[in-house]
Amino acid sequence: MRATQTTTIKPRRLVLHCGGQDDVYCDPARFKVLAAGRRWGKTELALAQLLTACMDVNRVGVYRYIAPTQKLARKTLWRRKLKRVLHPTWLLKEPNETNLEVWFKTGSILEVLGADDPDGLRGEGVRGAVLDEYADMAEETWPEAVRPSLADMRGWALFIGTPKSFNHFHTLYERGHDPAHPTWRSWQFKSLDNPLLDADEVEEARRTTDPRTFRQEWEASFEALKGRAYYAFNRTYHVKPVELVNGLPVCISFDFNIHPATAVIGQQHGDEPWVWREAWIEHAGGEATRSAAQAAKDYLAKSGWSGEVRIYGDPAGKAGKTTGPSDHAVLKEVFPGARWCIPSGPPHVKDRVAAVNARCETMDGARHLRVDPSCTHLISDLNQVTFLANGDLDKRTNEMLTHVSDALGYWIHQEFPLVEPTVTFGRVRLEQFL
Ligand SMILES: Nc1ncnc2c1ncn2[C@@H]1O[C@H](COP(=O)(O)OP(=O)(O)OP(=O)(O)O)[C@@H](O)[C@H]1O
Ligand SMILES: [Mg+2]
């Protein structure tokens with residue numbers, strides 16, 4: 001049985017969980033850096049820190065909540081949290097839905113902002129700022145926009161986020177452990193430190209997430225992203241002969257590149273994608289997608305396949321081209337009866353790569369991917385594709401790489417996306433705030 005005890009901060013009756021929220025909240029450091037796993041309660045803590053500041057008559061001023069984008073700030077804080085806990089008796093007037101501003105009777109103002117508008121962050125006289133998901137903001141947001149705004153009021157800042165390799169978030173996290181910076185303090189908590197988080201959710205992530213992603217997202221560990229993108233792929237375990245099996249649909253997944261044009265063809269055996277063949281066409285010009293689709297169709301015809309076909313691929317291929325029909329239109333033409341499994345929006349590269357790594361190996365040590373030895377380009381992609389320092393895939397060093405593994409990634413991400421955790425035991429809520 002996990003502890004579910006919580007700490008109540010008086011006189012505001014704001015309830016923070018005992019898995020670290022109360023420690024961070026109460027610490028008097030001017031600059032606090034919190035690295036915590038997914039669903040630990042980072043944004044809830046941000047809200048608590050800002051609301052108590054705004055309600056304090058001795059600390060009247062302008063306070064800011066900053067998310068990587070204003071859209072995100074509106075969704076995660078304004079709509080889902082702030083609007084639900086604000087009590088009309090605290091407010092001078094209705095919250096401003098356009099500017100995302102709240103005016104308190106104490107005289108304080110809470111501004112909800114996005115780091116995607118650096119000019120909106122400039123200004124002065126700010127008494128406190130929370131930078132939520134700081135690892136996803138541009139490096140210059142803090143030194144160029146936020147730090148100067150805190151200067152004249154000697155304002156405080158709270159940086160929170162889940163790590164993203166060793167970027168600027170890690171630099172500030174280290175500063176919080178450095179005795180040469182006594183006004184800084186850092187903490188690191190795992191998702192499971194949140195006593196309200198359902199342990200089954202984390203177990204589920206252990207079964208479905210690759211080890212590196214699990215450590216980063218759920219244990220808030222700073223993980224090097226340098227080196228192989230598909231680090232969990234290992235020829236010894238994953239390359240084995242694959243045959244088509246009657247009764248299971250065939251999945252064909254495309255990356256709409258021109259040189260080379262690529263696709264992977266396989267089947268799903270429960271939670272295991274098995275890649276049977278790859279299509280790899282060079283110098284096909286404007287007919288690249290049609291050539292790759294036709295090659296896949298020929299493979300199937302040669303094998304005598306007549307069952308269900310499912311089409312996966314890059315959502316970006318729906319736009320028409322100046323020289324002919326869109327990639328999606330071509331696929332619909334070549335596979336008229338196939339089931340369409342391409343989503344409307346593209347997955348984030350990081351999530352797509354993580355989904356492939358998770359099929360290679362999950363945190364519990366299970367392996368779920370199989371690749372036929374005939375797929376030589378896919379195997380070299382999985383071995384050779386690397387990340388750039390900024391977290392993108394390196395598509396420059398060798399322009400033939402990344403395409404066929406991207407094709408595999410669209411299929412895998414669509415069928416085996418990373419687990420989105422939920423908190424099922426939210427017994428004590430911030431609604432109890434007064
Ligand atoms: N002290 C608390 N009391 C009650 N519920 C809480 C508390 N802290 C967190 N929660 C609940 O836990 C869930 C996760 O909280 P929150 O959204 O703040 O986490 P997060 O770490 O910001 O998550 P994400 O990684 O998705 O950004 C929410 O449902 C929230 O209501
Ligand atoms: Mg959050």
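User: Which residue of strand 12 stands opposite A263?
Analyst: In this predicted model, strand 11 covers residues 261-269 and is joined to strand 12 by nine bridges, the two running antiparallel. One pair along them is V264 with its bridge partner E278. The residue of strand 12 opposite A263 is A279.

User: Which residue in the turn between strand 11 and strand 12 has a positive phi?
Analyst: Strand 11 and strand 12 form a hairpin, with two residues between them. A phi of about 60° is found in this turn, and the residue that has it is G270.

User: How many of the residues of strand 12 are buried?
Analyst: Strand 12 spans residues 272-281 and is mostly covered. Helix 13 lies across strand 12, as well as across strand 11 and strand 15. Helix 14 also lies across strand 12, along with strand 10, strand 11 and strand 13. Of the 10 residues in strand 12, the number buried is seven.

User: Which residue of strand 15 is the bridge partner of V275?
Analyst: Strand 15 consists of residues 370-371 and is joined to strand 12 by two bridges. These two strands run parallel. The partner of V275 in strand 15 is V371.

User: Which strands stand at the edges of the open sheet?
Analyst: The sheet has six strands with mixed pairing, in the order 14-13-10-11-12-15.

User: How are helix 13 and helix 14 oriented to each other?
Analyst: Helix 13 is made of residues 376-384 and helix 14 of residues 403-415. Their axes come within 8 Å and cross at roughly 90°. Angles from 65 to 115 degrees count as roughly perpendicular. The orientation of helix 13 to helix 14 is therefore roughly perpendicular.

User: What kinds of residues make the contact of helix 13 with helix 14?
Analyst: Helix 13 contributes H377, L378, D381 and L382, while helix 14 contributes H403, V404, S405 and L408. By type, these residues divide into four nonpolar, three polar and one charged.

User: Is D372 buried or exposed?
Analyst: D372 is placed in the loop between strand 15 and helix 13. Beyond four places away in sequence, D372 touches V239, K240, P241, V242, V275, W276, R277 and I379. Its relative accessibility is 8%, and the cut-off for a buried residue is under 20%. D372 therefore counts as buried.

User: What separation lies between the C-alpha atoms of D372 and A145?
Analyst: Along the chain, D372 and A145 are 227 residues apart.

Conventions:
Residues numbered from 1 in each chain as written. Chains lettered and ligands numbered in written order. Predicted model: local features only at pLDDT ≥ 70, side-chain atom pairs only at ≥ 80, totals over all residues. Heavy atoms only, no water. Buried < 20%, exposed > 50% of the residue type's maximum accessible area, 1.4 Å probe, protein only. Helix = DSSP H or I, 4+ residues; strand = E, 2+ residues; numbered from the N terminus. Pairing = 2+ DSSP bridges. Axes fitted to C-alpha atoms, helices over the stretch in contact; angles between N-to-C directions. Parallel < 35°, antiparallel > 145°, perpendicular 65-115°, else oblique. Contact = heavy atoms within 4.5 Å. Nonpolar A, V, L, I, M, F, W, Y, C, P; charged D, E, K, R; others polar.
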